[in-house]
Amino acid sequence: MEATSKLADALQRRRIAVPAWQIRYDVLVDRLRRNGVGASAPQVGDRFPDFALPDANGRYRSLYSLLASGPLVLSFNRGGWCDYCRHELEAWSTALPELAAMGGAFASITAEIGGRAQVLAAIFVDPMTMFCDVDHGVSLEVGLAFHLDDTILRDYRAYGIDLDQAYGSSAGLLPIPATFLIASDGTVIFAFVDPDFRNRADPGDVLAALVASGG
């Protein structure tokens with residue numbers, strides 16, 4: 001799948017482009033793995049909990065209202081400040097026609113405020129839903145949010161990334177990027193949860209899981 005190869009290439013290029021950050025990230029990811037961050041997130045066979053959040057246009061929508069139309073790919077991302085997230089969303093933008101042909105839809109969740117969700121939604125030409133997870137509420141509920149240590153927060157600020165401003169909060173929370181394929185009855189068909197945010201679900205694998213499930 002073209003989107004798949006482009007995503008893998010883009011993620012690898014990003015790793016190479018910022019070598020000085022890889023050691024910091026390795027330390028962070030090791031801590032998250034040791035602490036079991038993400039281990040309690042929904043797994044294949046679980047029923048994904050319903051939620052209601054505003055979309056990029058301020059309209060409240062629930063997860064299950066979207067599932068009424070068919071299966072849904074739900075992607076949790078860190079925000080537009082994260083190049084890895086933008087690459088993932090660009091790959092899904094390319095994959096949306098194929099997903100739609102299978103009767104599926106796509107939605108993503110970001111905790112960013114101040115119109116930043118609209119910027120992310122603008123990546124897509126085809127219809128999708130960009131949820132605004134204010135204060136990381138849903139990410140916390142499903143076991144994806146964690147507290148960043150002060151060192152990483154200072155490093156981000158020195159690099160020009162102010163997470164307090166992006167999220168409208170000084171809580172220092174960040175979500176683990178994750179991708180779920182959810183059947184129309186709320187059952188998780190595919191789950192990708194990795195504390196290493198540099199790794200992302202392959203759209204081809206998600207679509208293959210949808211085919212295998214019978215739609």
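Modeller: Ground rules: it's a predicted model, so local features need pLDDT of at least 70 and side-chain atom pairs pLDDT 80 or more, while totals for chains, interfaces and linings use all residues. Residues are numbered from 1 along each chain as its sequence is written, and side-chain values use heavy atoms, with hydrogens and water left out.

Colleague: Why are helix 2 and helix 7 called roughly antiparallel?

Modeller: The axes of helix 2 (residues 19-34) and helix 7 (residues 150-158) cross at roughly 160 degrees. Angles over 145 degrees count as roughly antiparallel, and helix 2 and helix 7 are therefore given that label.

Colleague: What makes up the contact of helix 2 with helix 7?

Modeller: Trp21, Arg24 and Tyr25 in helix 2 meet Ile152, Asp155 and Tyr156 in helix 7, where contact means heavy atoms within 4.5 Å. By class that's four nonpolar, no polar and two charged residues; Tyr and Trp count as nonpolar, Asp and Arg as charged.

Colleague: What makes a space a cavity and not a pocket?

Modeller: On a 1 Å grid over the protein atoms alone, a 1.4 Å probe fits in a cavity but cannot get out, whereas a pocket is an open set with protein on both sides within 12 Å along at least five of seven lines. The largest pocket holds about 160 Å³.

Colleague: Which residues line the largest cavity?

Modeller: Lining residues have an atom within 4 Å of a point, and among them are Leu28, Arg78 and Phe146. The lining has eight nonpolar, no polar and one charged.

Conventions. Axes fitted to C-alpha atoms, helices over the stretch in contact; angles between N-to-C directions. Helix = DSSP H or I, 4+ residues; strand = E, 2+ residues; numbered from the N terminus. Parallel < 35°, antiparallel > 145°, perpendicular 65-115°, else oblique. Points joined across faces, edges and corners; volume = space filled by probe spheres on them.
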